[in-house]
Amino acid sequence: MSYLVLARKWRPRNFAELVGQEHVRQALVNGLDSGRIHHAFLFTGTRGVGKTTIARILARALNCERGVGSSPCGECGACREIDEGRFVDLIEVDAASRTKVDDTRELLENVQYLPTRGRYKVYLIDEVHMLSAHSFNALLKTLEEPPPHVKFLLATTDPQKLPVTVLSRCLQFNLKRLPASLIAGRLRQILEAEGVAHEAPAVMLLARAADGSLRDALSLLDQMLAFGAGRVTEADARAMLGTVDRPQVLRLAECVAERDARAVIEAVAALDEFAPDYGQLLDEMAALLQKVALHQAVPDLGEDEHWPTGQLTALAARMPAEDLQLAYQFAILGRRDLEHAPDPRTGFEMTLLRILAFRPAAAMGQAGLAPGERQAPAEPAAAGRSASPAPATRTASPAANATEDWPSLLARLELKGPARQLAVNCQLVARAGSHFRFVLDERAGSLRTRQLEDRFLQALRQLVGADATVEIETGSAGDTPARRDEQARDERLEAARAALERDPAVLSLRERFGAVLQPDSVKPVG
């Protein structure tokens, strides 16, 4: 027996088996069960979403020998013949190959005659938008007032090309693109029914590559079974589709999170040896960033089927929410602009460099950095100047001494990136020998992860000795290096605004033109 492709073998034969398109299914089921059946239906939507399948199910429901209803039996002669494509009263027409007016007239000549075998004579016209203007004119009268034994089922991927006179005579159903999760669920059902072992990430890769079309997904699954010799594994799926392994995508995201341009370029160079599809690679990057953002917003959302929670947690701690949102935006915009780049690799590299070059204003304000700058250790003198001096007669307590020593100690720690952000948002409240007790500013609570704490501890041990221990609790930290820097920036900003208010040129502009100074536009220099 010849092999039957999955798209035909697993085509739904009743409304219960239909995947998705609930809005269409509900309307048709209710109409069939109540007997309110229109004479002309128009199904629109992209390829492979079920237009022709729904039309054939409707034809079976209308002609089932057990009566009109939403659940055709599938066993009577009419149902079987419609399944096999040999039901004489189901006239299927491909409008793309019969565009001439003579073809349409010939088709409609037999409309007046009663059905030969079934209850209704059903005309299923696929890609109806391909008919010529004269063909539409020949169809209009019959479409408006057909005999009671005739039903028209029209399908098209381009409804904008249909005349409004045709549209107004049909019940219109717009079929939606299917979400990847729904397609993946259907593929898993089919694989389990076929007895094929499969990996969940591989199934999701095929579902995403189908781009909303279940028929395309089944065709890809057929190709996957041939490529993998009857197996469906993630490695084979990536090789067939030309996608990049997840660890490589994760490595790129980590380099972006560290804002390390050299590491980013080296990672891209290593990827280029495998000739990846850079458009798909940007899609993978954007999908990962979306997962990380979701994990930031709802940390207890649960396990993700593709990315381990530990990896998402680590990335969520490294990237501030504002940076993450901007990186996602650049990734999807870079995907759109990739075709305009001199070559795909250049466009991909520039997208990543653009992510590193720009930062949201809020993130720049918190970190005190210009776009693209890497954070340098704070100078003890500057930190000391920003703090309020203690009275000369006051005797400092041990906790106060520890706090005053912390900026000096921090300046010598070999920390960068998120680990340094953790340190600068900590207040040293007590130190007993090599034991340090910190309070982490609650505003930076998301930085408190095991990985960042370990990096913080290792840096301290390199500086004060291998026996150093750290205790961190989250709370209301008052005097952290980050708050001191923030206070110093606020003081410089206020001084700059006051200087402008007294500037003769500004005063002259106000007097002559009624100029208004915008406080938010003032930035201190230096």
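1. Helix H11 is followed by Gly242, whose phi is positive, near 75°. Helices here are DSSP runs of H or I with at least four residues, strands are runs of E with at least two, and both are numbered from the N terminus. The structure is a predicted model, in which local features need pLDDT of at least 70, side-chain atom pairs count only at pLDDT 80 or more, and totals for chains, interfaces and linings use all residues. Residues are numbered from 1 along each chain as its sequence is written, and side-chain values use heavy atoms, with hydrogens and water left out.

2. Overall composition. The protein contains 24 helices and eight strands. Of its 526 residues, 44% count as buried (buried is under 20% relative accessible area, exposed over 50%, partly exposed in between, with a 1.4 Å probe and protein chains only). Among contacts between residues at least 6 apart in sequence, 73% join residues at least 24 apart, where contact means heavy atoms within 4.5 Å.

3. Burial of H11. This helix is mostly covered, with six of its eight residues buried. The buried residues are Glu234, Asp236, Ala237, Arg238, Met240 and Leu241. Their cover includes H9, helix H10 (214-227), helix H12 (246-258) and H14.

4. Arg238. This residue lies in helix H11. Is Arg238 buried or exposed? Its relative accessibility is 4%, so Arg238 counts as buried. Leaving aside residues up to four places away in sequence, Arg238 touches Leu205, Thr243, Val244, Asp245, Arg246 and Glu284.

5. The structure holds three cavities of 30 Å³ or more. On a 1 Å grid over the protein atoms alone, a cavity is a set of points where a 1.4 Å probe fits but cannot get out; a pocket is an open set with protein on both sides within 12 Å along at least five of seven lines; lining residues have an atom within 4 Å of a point. Grid points are joined across faces, edges and corners, and a volume is the space filled by probe spheres set on the points. The largest cavity has a volume of about 90 Å³. Its lining consists of Pro201, Met204, Leu205, Arg208, Glu234, Arg238, Arg246, Glu284, Ala287, Lys291, His306 and Trp307. Two or more residues of this lining come from each of H9, helix H11 (234-241) and H14. H9 gives the most, with four residues. By class, the lining divides into five nonpolar, one polar and six charged residues (Ala, Val, Leu, Ile, Met, Phe, Trp, Tyr, Cys and Pro count as nonpolar, Asp, Glu, Lys and Arg as charged, and the others, Gly among them, as polar).

6. The second largest cavity. This cavity has a volume of about 60 Å³. It is lined by Val93, Arg98, Asp103, Thr104, Leu107, Ile125, Leu131 and Leu139. Helix H5 (residues 101-108) supplies the largest share of the lining, three residues. The lining divides into five nonpolar, one polar and two charged residues.

7. The second largest pocket. About 490 Å³ of space lies in this pocket. Of the 21 residues that line the pocket, the closest to its centre are Met204, Leu205, Arg208, Ala209 and Asp283. Helix H8 (180-194), helix H9 (200-209) and helix H14 (278-297) are the elements that give two or more residues to the lining. Eight of the lining residues are nonpolar, five polar and eight charged.

8. Cysteines. How many disulfides are there? The count comes to zero, a disulfide being a pair of cysteine sulfur atoms within 2.5 Å. Cys170 is buried, with a relative accessible area of 9%. Cys255 also counts as buried, at 1% relative accessibility.

9. Arg437. This residue lies in strand S7 (residues 435-441). Arg437 has a relative accessible area of 29% and is therefore partly exposed. Arg437 and Cys426 are eleven residues apart in sequence and 9.6 Å apart in space, C-alpha to C-alpha. Not counting residues up to four places away in sequence, Arg437 touches Gln427, Leu428, Val429, Ala430, Glu471 and Glu473.
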